[in-house]
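Here is a short walk through a structure. Keep the sequence and the 3D view side by side as you read.

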Amino acid sequence: MKNLILIFLTLITMTTSNAQSKQAEVNQKHRVVFQMNSNDPESQKALVNNIQNVKKAWGSEVAIEVVAHGSGIEMVMTEKSAVAQDVTKMIKTGVIFVACENTMAKKNITKAELIENVGTVPSGVAEIIIKQEQGWSYIKG
Amino acid sequence: MKNLILIFLTLITMTTSNAQSKQAEVNQKHRVVFQMNSNDPESQKALVNNIQNVKKAWGSEVAIEVVAHGSGIEMVMTEKSAVAQDVTKMIKTGVIFVACENTMAKKNITKAELIENVGTVPSGVAEIIIKQEQGWSYIKG
Amino acid sequence: MKNLILIFLTLITMTTSNAQSKQAEVNQKHRVVFQMNSNDPESQKALVNNIQNVKKAWGSEVAIEVVAHGSGIEMVMTEKSAVAQDVTKMIKTGVIFVACENTMAKKNITKAELIENVGTVPSGVAEIIIKQEQGWSYIKG
């Protein structure tokens, strides 16, 4: 009988902790990864606008990451970005910008050419895939 | 012993209702949110075509929502859409079209300028994120 | 008491098998479906590049499917593709390319016009939706 009660308690614990982890997921803030792979200034401005609208809707309750790769890497380059000031401002409000290291190698771009506090990832596309695997929503900028 | 049986019954009920809710998800029809953010007439026609193909494949077993924002809002404006008649027809077959209120405010577009029965959402991008959080598939139109 | 133990065992089995199925999901390799709906040679080259980077990052631990539809079907047509040799090479490394049969019918394209070992699906868009329903990440190429 003692064993029986032990099994009971174990089952109850498993059920309870499972319920808690589900609760945690539900309470988690929104998360979105934006893909920027175009050097079209209008696309860059549209993405800035989209991010501002998401921040307006959810404030600090949304995690935002922008992955710049291919031609889109220009968005996070100090000398080439059409929206450098906006990127700097958004980073200060917690938006994460990362550049693709594959793209940087291919185009001979150094970290020094990136806007301050822009991070890097080994592969921009792999980063977008991983984020989706972790439950982030995806928007093509 | 009475308490023990009560705990048992509670556990069984929890397990059963959990199984039922999973079943409900599995049986649910397909759901897809399309993003339209371009005013290129060819993109609008391609999206109409894509929606028709999805309807052909799944009929009433698919829920379709089109989010028009940025330059793409023209797709749902009576005077500017390249596919106004198609939009009207698709709405009659249950396809949902919504315009972004942020875009409308920025471009001074009134509800009266939208094709009949086109809805609105506070933020088009937030809408696409929410839909993905709810398990909808996402297609960039 | 016998019944009670039977219920116990059933509950334990359900909990265990549930835990196992979750483990299986976690251990599964990465899966990504790319959408190609443009006949722009630069977009085709960028997609080739993206796929190579994903393969470089994860090797055989990633499943990749490219869905070519609309104008993008040219990417998988022997005479029209800007990257025919790359497509052939990637198919040999396990990348799956499929063409949309709706697009083929509309544009009068036969299977013989497709690059060798390119498959077909009834609807390219429905295919992308299904893949997302099955947990694949989605990238607009």
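Two strands pair if DSSP finds at least two bridges between them. With that in hand, look at chain C of this predicted model. Arg31(C) stands opposite Ala63(C), which lies in strand 2 of chain C. Strand 1 of chain C covers residues 30-36, and strand 2 of chain C covers residues 62-68. The two run in the parallel sense and share seven bridges. Strands of a sheet pair through backbone hydrogen bonds, either parallel or antiparallel.

Now widen the view to the sheet. Chain C has an open sheet of five strands, paired in parallel, in the order 4-3-2-1-5. Its edges are strand 4 (119-121) and strand 5 (137-140) of chain C, and each of these pairs on one side only. On average, neighbouring strands of this sheet are turned by 30° against each other, direction ignored.

Go back to strand 2 of chain C. How many of its residues are buried? Seven of its seven residues are, and the strand is mostly covered. In a regular strand the side chains alternate between the two faces of the sheet. Here Val62(C), Ile64(C), Val66(C) and Ala68(C) point one way. Ala63(C), Glu65(C) and Val67(C) point the other way. Residues of both sets are buried.

Next comes the nonpolar core. The largest one has 120 residues. Those with the most contacts inside it are Phe34(A), Phe97(A), Phe34(B), Phe97(B), Phe34(C) and Phe97(C). Leaving out residues up to four places away in sequence, Phe97(C) touches several residues of chain C, among them Ile51(C), Val66(C), Met75(C), Val87(C) and Ile91(C). Asn117(C), Val118(C) and Gly119(C) are also on its list.

Turn to chain A. Gln35(A) sits in strand 1 (residues 30-36) of that chain. Is Gln35(A) buried or exposed? Its relative accessible area is 0%, so Gln35(A) is buried. Beyond its neighbours within four places in sequence, Gln35(A) is in contact with residues of chain A, including Val67(A), His69(A), Ile128(A) and Tyr138(A). Gln35(A) also contacts Ile139(C) and Lys140(C) in chain C.

Chains A and B meet too. Two packed helices are described by the angle between their axes and the distance between the axes. Helix 2 (residues 41-58) of chain A packs against helix 5 of chain B at an angle of about 70°, with the axes 8 Å apart. The two helices are therefore roughly perpendicular to each other, because angles of 65 to 115 degrees count as such. Asn50(A), Val54(A), Ala57(A) and Trp58(A) come from helix 2 of chain A. They meet Val125(B), Ala126(B), Ile129(B) and Ile130(B) in helix 5 of chain B.

Follow Ile129(B). Helix 5 of chain B spans residues 124-133 and holds this residue. Ile129(B) is buried, at 0% relative accessibility. Apart from neighbours within four places in sequence, Ile129(B) contacts Val32(A), Val54(A), Trp58(A), Ser137(A) and Ile139(A). Within chain B, Ile129(B) and Val33(B) are 96 residues apart in sequence, but 9.7 Å apart in space, C-alpha to C-alpha.

How values were computed: Residues numbered from 1 in each chain as written. Chains lettered and ligands numbered in written order. Predicted model: local features only at pLDDT ≥ 70, side-chain atom pairs only at ≥ 80, totals over all residues. Heavy atoms only, no water. Helix = DSSP H or I, 4+ residues; strand = E, 2+ residues; numbered from the N terminus. Buried < 20%, exposed > 50% of the residue type's maximum accessible area, 1.4 Å probe, protein only. Contact = heavy atoms within 4.5 Å. Core = buried A, V, L, I, M, F, W, Y, C linked by side-chain atoms within 4.5 Å. Axes fitted to C-alpha atoms, helices over the stretch in contact; angles between N-to-C directions. Parallel < 35°, antiparallel > 145°, perpendicular 65-115°, else oblique.
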